[in-house]
Amino acid sequence: MNTKRRSGEPGHRRKFLVIIDDSPECDRAVYYASRRAQNTGGKLLMLYVLAPGDFQHWLGVENIMRAEAQDEARRVLGEFAEKARKWAEVEPEMVIREGNRADEVVNLIEEDSDVSILVLAAATGKEGPGPLVSSIATKAAATFPIPITIVPGSLSDEEIQAVS
């Protein structure tokens, strides 16, 4: 683990990785990461992870469900890509994976040596920052391979612009 980061080398650009999901605060992470990528000459990488247990049915049904889930992932990624293009002058790279979300985040970081920062948004509810933030923050304490930026889900566009 801990692939050497190459984003500072000639021919490489820093990538800001954002996990795309259906959480209300996801757009705050995309907004921050797209603005930060634009302001620093970086790139935006969006990851959508399909849960692995969703397709364990008869083979024909499993294939149809997987295809539908892939279509939905592409649709959601497309919506966030349009937002990112509107918010900043960036062309997002989009990746769809199937598996445990936290594991797939780490796998992508290890495979792409230009990924330099993971951007997450914290939930605004009383239940805490959200399961992904909690899971990755636990891993990050000892072994996470890159810095993590956690954007408060309650920040406005203007507040994010001021810090990105």
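Hi everyone, and one thing before we start: what we are looking at is a predicted model.

Let's begin with the sheet. Five strands make up an open sheet, in the order S3-S2-S1-S4-S5, and the pairing is parallel. Which strands stand at the edges? They are S3, residues 93-98, and S5, residues 148-152; each has a single partner strand, so one side of each is left without a neighbour in the sheet. From one strand to the next, the twist averages 30°. If you follow S2 and S3, you will find 6 bridges joining them, and Met46 stands opposite Met94 in S3.

Now for the helices. H1 packs on the sheet, where it touches S1, S2, S4 and S5, and its direction makes about 165° with that of S1. Helix H3, residues 101-111, also packs on the sheet. H3 touches S1, S2, S3 and S4, and its direction makes about 145° with that of S2.

On to the inside. As a reminder, nonpolar side chains in soluble globular proteins tend to be buried together. Here the largest nonpolar core has 29 residues, and Val18, Ile20, Val30 and Val119 are those with the most contacts inside it. Strands S1, S2 and S4, along with H1 and H2, each supply at least two residues of this core. Which element gives the largest share? That would be H2, with 8 residues. There is also a second, separate core of 15 residues, with Leu17, Val95, Leu108 and Ile146 among them.

Let me stay with Ile20 for a moment. Beyond its neighbours within four places in sequence, Ile20 is in contact with residues including Cys26, Val30, Met46, Val76 and Phe80.

Last, the aromatics. How many aromatic pairs does a search of the whole structure find? It finds 1. The partners are Tyr31 and Trp87, with ring centres 4.9 Å apart and planes at 75°, so the pair is edge-to-face. Tyr31 belongs to helix H1 and Trp87 to helix H2, so to speak a link between distant parts of the chain, 56 residues apart. Are these two buried or exposed? Tyr31 counts as buried at 3% relative accessibility, and Trp87 is buried too, at 15%.

How values were computed: Residues are numbered from 1 along each chain as its sequence is written. This is a predicted model: local features need pLDDT of at least 70, side-chain atom pairs count only at pLDDT 80 or more; totals for chains, interfaces and linings use all residues. Side-chain values use heavy atoms; hydrogens and water are left out. Rings of Phe, Tyr and Trp (its six-membered ring) pair if their centres lie within 6.5 Å; planes under 30 degrees apart count as stacked, over 60 as edge-to-face and the rest as tilted. Helices (H or I, at least four residues) and strands (E, at least two) are DSSP runs, numbered from the N terminus. Buried means under 20% relative accessible area, exposed over 50%, partly exposed in between (1.4 Å probe, protein chains only). A nonpolar core is a set of buried Ala, Val, Leu, Ile, Met, Phe, Trp, Tyr and Cys residues joined through side-chain atoms within 4.5 Å. Contact means heavy atoms within 4.5 Å. Two strands pair if DSSP finds at least two bridges between them. Axes are lines fitted to C-alpha atoms, for helices over the stretch in contact, and angles run from 0 to 180 degrees between N-to-C directions.
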